[in-house]
Amino acid sequence: MKVMMSRLMCMMFIQYIVQGAWVLTLGLVLSSYGMPEIIGTAYAVLGIATIISPMFVGMVADRFFSTEKVLAVMHLLLAAVLYLTTSFIVSGQTTQSLAGIFFVGLIYYPTVALSNSIAFHHADGPRYFPVIRVFGSIGYVVLGLFIGQMGWSGDIMTWYVAVISAVVMGLYSLTLPKTPPKSAGAPLSARDLLCLDALALFKDKYFTIMMISILVLMVPKTAYSAYIPVFLNALGFDNAASMMQIGVAMEVLFVFFIPFFLTRFGFKVTLMLGMVSWAIRSVLFSQSALSGSYAMVIIGLVLQGVCWDFFFTVADIYADKKAGDKIKAQAQSLRFIASNGVGLFFASSVCGYIFNSNVTDTGSAGLAQWETFWLFPAAIAGIVFAAFLFLFKDDVSTKYEKKSV
């Protein structure tokens, strides 16, 4: 079991190094090579790619090929597309760069669900998945520190790091434990091509409530990830990027508490702890905008561990529990689409409107406006928390607690 866990941790570590190498500095790289005007469009096409491909790739892994082989092929193909896209960026070809970025997202994002599926297949999800997943966060941090130390934040070298990492991940995937398709040999139908088995999960009202909650909570999540560096700068912090590592470190720490909370309190309470933390953190940021309290800012950053791990990571575990053996990869893809696809589109639009409508001054002059800005995601998280409290009564938690005793 220890050997298996080590292999899965290593898989997750490399998986997120690949992602960080091209996503972490995407906007800055485009700006450095004379294309700042397409940064917004680049993220938009990534959102479209996220909606399109994960479900289909999940169906392929569930039915035709071993998941680790699909993961390998996807990463090797990703390396080729990343390499081609770098030439477009360096030469300043906007249309070709956007097309390349679209295909990068189309190929990469399904692999997140595939790696999750492999982890769930070979390890007890509620007990061990959080420990496995945390190595993805560690990989992301290691990559970020490496790029910063090398001075490559706005350099195309970061994409070459992504190319090499993708090749490494592709080859490593071929060594992963065999994860055969659960529905191999079954007749292929239009239902399979349209991934209707996974979509049928929405017939379960509690699964639907969970997915809607994920989609709406992407608003406070996006408010944090997109605007916290700007807010910290307005407060007078010159090292916003470094300060945000507090939140990443807390993700690594709090993930180890997930098994305890799931065993003792079940899914509903654990998920609600994550939800209410999004609301509390936004209120803290709102109050710190006027008071200038560094303590409130630090507490808000620390809460990232609870916000992310107790909601989004636990949501991965919940999706796995609800899916059943035959559509595990598709179920993970559904969860990913709800957050990084439809959810990101929705949240980006809402957060952009809130920001543009409220924060019109820059620097310390806009702090009073920031107070108003943070109250919106706080209210949204509070509403989701209240709705979840009264509407979500799934007995998956009870089943898991009995099994774990």
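Leu24 sits in the loop that joins α1 (2-23) to α2 (26-32). The model described here is predicted. With a relative accessible area of 38%, Leu24 is partly exposed, because that class runs between the 20% limit for buried and the 50% limit for exposed.

Neighbours within four places in sequence aside, Leu24 is in contact with Gln19, Tyr140, Leu143 and Gly144. Ser153 lies 129 residues from Leu24 along the chain. The C-alpha atoms of these two residues are separated by 8.5 Å.

## Overall make-up

The protein has 18 helices and zero strands. Of its 405 residues, 56% are buried. The protein exposes about 16,400 Å². Carbon and sulfur atoms supply 68% of that area.

Consider contacts with a separation of 6 or more. Residues 24 or more positions apart account for 85% of them.

## Nonpolar core

The largest nonpolar core holds 128 residues. Met11, Trp22, Trp159 and Trp370 have the most contacts inside this core. Helix α11 (residues 205-235) gives the largest share, 17 residues.

What does Trp370 touch, leaving aside its neighbours within four places in sequence? Its contacts are Tyr227, Val230, Phe231, Ala234, Ala289, Phe355 and Val359.

## Helix α8

Helix α8 covers residues 157-173, 17 residues in total. From first C-alpha to last it reaches 24 Å. That is close to the 24 Å expected at 1.5 Å a residue.

Trp159 is one of the buried residues of α8, and it is also among the residues with the most contacts inside the largest core. The other buried residues of α8 include Val161, Ala162, Val163, Ala166, Met169 and Tyr172. Thr158, Ser165, Gly170 and Ser173 are buried as well.

## Aromatic pairs

A search of the whole structure finds 31 aromatic pairs. One is Phe254 with Phe257. Their ring centres are 5.8 Å apart and their planes stand at 45 degrees, so this pair is tilted. Phe257 counts as partly exposed, at 37% relative accessibility.

Phe373 and Trp374 make an edge-to-face pair, because their planes stand at 80 degrees and the cut-off for that class is over 60. The centres of these two rings are 5.0 Å apart. Phe373 and Trp374 are both buried.

## Gly352 and helix α16

Gly352 belongs to helix α16 (residues 328-358). Is Gly352 buried or exposed? It counts as buried because its relative accessibility is 15%, and the limit for buried is under 20%.

Tyr227 lies 125 residues from Gly352 along the chain. The C-alpha atoms of Gly352 and Tyr227 are separated by 9.7 Å.

## Cysteines

How many disulfides does the structure hold? The count is zero. Cys10 is partly exposed, at a relative accessible area of 30%. Cys351 is buried, with a relative accessible area of 1%.

Technical notes
Residues numbered from 1 in each chain as written. Predicted model: local features only at pLDDT ≥ 70, side-chain atom pairs only at ≥ 80, totals over all residues. Heavy atoms only, no water. Helix = DSSP H or I, 4+ residues; strand = E, 2+ residues; numbered from the N terminus. Expected span 1.5 Å × (residues − 1). Buried < 20%, exposed > 50% of the residue type's maximum accessible area, 1.4 Å probe, protein only. Core = buried A, V, L, I, M, F, W, Y, C linked by side-chain atoms within 4.5 Å. Contact = heavy atoms within 4.5 Å. Disulfide = S-S within 2.5 Å. Areas by Shrake-Rupley, 256 points an atom, 1.4 Å probe, with all protein chains shown as cover. Phe/Tyr/Trp six-rings, centres within 6.5 Å; stacked < 30°, edge-to-face > 60°.
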